[in-house]
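User: Hi! I have a model open and would like to talk through a few spots in it. Could you keep the answers plain?

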Amino acid sequence: MARSVPLLWALLPGLAALEPLSVGLAIGVASALTGYLSHPRFYCNYVECCPRPGQRLNASALKAQLDNRLFGQHLAKDVVLKAVLGFSNNPSPKKPLILSLHGWAGTGKNFLSQILAEQVHPAGLRSKFVHLFLATLHFPHQDQVKLYKEQLQNWIRGNVSACPSSVFIFDEMDKMHPGVIDAIKPFLDYYEEVDGVSYRKAIFIFLSNAGGDLINKAAFDFWSSGKRREDIQLKDLEPLLSVGVFNNKNSGLWHSSIIDRNLIDYFVPFLPLEQRHVKMCVRAEMTARGYAVDEKIVQAVADEMTYFPKEQKIYSDKGCKTVQAKLDIHEDFVMRDMKARA
């Protein structure tokens, strides 16, 4: 009841003029009010709190976000949904959840990691419990790898101590200096605790363009043989990715002990996007801006993208990455059209 003292002292001048019964009632009300205000649930309405132990993700909300915002990635949706929900529902996981997302730029890797972060911590990338590392920004110099490793260990240790369900996103893994990421290997392994800290509730996500060529070739081979894109399964790509990334000298996971120890739970392939998927991105962006979807604009933006292979022109070479910029060019036309309809 120590927290009640300041409030009670503030009430004392008024309490002195009351009858004993009134004084007792006032003290009871003040104590109850102070207890309510100091309750964690009330506090967390105004200040971001780490999720309570045992708090689970909303499965239907996560699925809806993936269905409505991520296009052309049936494999990534299925794998991540099952992996994350299984991890969330496990009261005592043996290790952190580790996902490695691979594919060309613009295919949705960053988008998916943002959606996942928002489901774990509603503030998403703005949350103090979600941490984004960019290889070219945070680990730029080859001659400072030893320093980066020490800083990274200290940073992760401190943040997981503050919130066990912290989310760590490492972008541009294909540009990270080999050896840096191995600094966190002890935190990813099957240890109950490391120096008194448990990392088993944390989530680590690696994003990389490495392996994109392997994924694109496999997708094209399916197309060439007349098979449906949606028939591609994880088993068709994951073995190629794990070996290819491990042996890729231009990857931060080159000969990494994290792969060697089989600590990555899933290598998640992001397929190259076809024009129909680019159109989905354009429609979603128009809707997000409050515009009525105009199929002429949708087609115009999709036609301005470049596609590969050179002969067949099936896949967008930038995915949906430049959709926003290209839609900006058509914004004046869209606004005039909206005014005309009004």
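User: Is cysteine 44 buried, partly exposed or exposed?
Analyst: Cysteine 44 has 33% relative accessibility, so it counts as partly exposed. Buried means under 20% relative accessible area, exposed means over 50%, and partly exposed is in between (1.4 Å probe, protein chains only). Keep in mind that this is a predicted model, where local features need pLDDT of at least 70, side-chain atom pairs count only at pLDDT 80 or more, and totals for chains, interfaces and linings use all residues. Residues are numbered from 1 along each chain as its sequence is written, and side-chain values use heavy atoms, with hydrogens and water left out.

User: Thanks! Which residue does cysteine 44 form a disulfide with?
Analyst: Cysteine 44 is bonded to cysteine 49, with 2.0 Å between their sulfur atoms. A disulfide here is a pair of cysteine sulfur atoms within 2.5 Å. The torsion about this S-S bond is about -95°, so the disulfide is left-handed. Cysteine 49 is partly exposed as well, at a relative accessible area of 26%.

User: How many disulfides are there in the whole structure?
Analyst: A search of the whole structure gives 3 disulfides. With the bonded cysteines of the protein chain numbered in sequence order, they pair as 1-2, 3-4, 5-6.

User: Where do cysteine 50 and cysteine 163 lie?
Analyst: Those two form a disulfide, sulfur atoms 2.1 Å apart. Cysteine 50 is in the loop between α3 (40-43) and α4, while cysteine 163 is in the loop between α8 (145-162) and β3 (167-171), so the pair ties together parts 113 residues apart in sequence. Helices (H or I, at least four residues) and strands (E, at least two) are DSSP runs, numbered from the N terminus.

User: And what is the handedness of the disulfide of cysteine 50 and cysteine 163?
Analyst: The S-S torsion for cysteine 50 and cysteine 163 is about 75°, so that disulfide is right-handed. Cysteine 50 is partly exposed at 23% relative accessibility, whereas cysteine 163 is buried at 0%.

User: What about cysteine 281, which residue is it joined to?
Analyst: Cysteine 281 is joined to cysteine 320, S to S 2.0 Å. This link is right-handed, with 85° about the S-S bond. It connects distant parts of the chain: cysteine 281 is in helix α13 (residues 275-288) and cysteine 320 in the loop between β7 (315-316) and α15 (323-329), 39 residues apart. Cysteine 281 counts as buried at 15% relative accessibility, and cysteine 320 counts as buried at 15% too.

User: Switching to helix packing. At what angle do α4 and α6 cross?
Analyst: Helix α4 (residues 59-69) and helix α6 (residues 109-120) cross at roughly 155°, their axes coming within 10 Å. Axes are lines fitted to C-alpha atoms, for helices over the stretch in contact, and angles run from 0 to 180 degrees between N-to-C directions. The two helices are therefore roughly antiparallel to each other; angles under 35 degrees count as roughly parallel, over 145 as roughly antiparallel, 65 to 115 as roughly perpendicular and the rest as oblique.

User: Which residues make the contact?
Analyst: On α4 they are Ala61, Leu62, Gln65, Leu66 and Arg69, and on α6 they are Phe111, Leu112, Ile115, Glu118 and Gln119. By class, this contact of α4 with α6 has 6 nonpolar, 2 polar and 2 charged residues. Ala, Val, Leu, Ile, Met, Phe, Trp, Tyr, Cys and Pro count as nonpolar, Asp, Glu, Lys and Arg as charged, and the others, Gly among them, as polar.

User: How does α4 pack with α5?
Analyst: α4 and helix α5 (residues 74-89) pack at an angle of about 160°, with axes 11 Å apart. That makes α4 roughly antiparallel to α5. Ala59, Leu62, Lys63, Leu66 and Asp67 of α4 meet Lys77, Leu81, Val84 and Leu85 of α5. That contact of α4 with α5 divides into 6 nonpolar, no polar and 3 charged residues.

User: Last one: how many helices and strands does the protein chain have?
Analyst: The protein chain has 16 helices and 7 strands, and 43% of its 342 residues count as buried.

Conventions:
Contact = heavy atoms within 4.5 Å.
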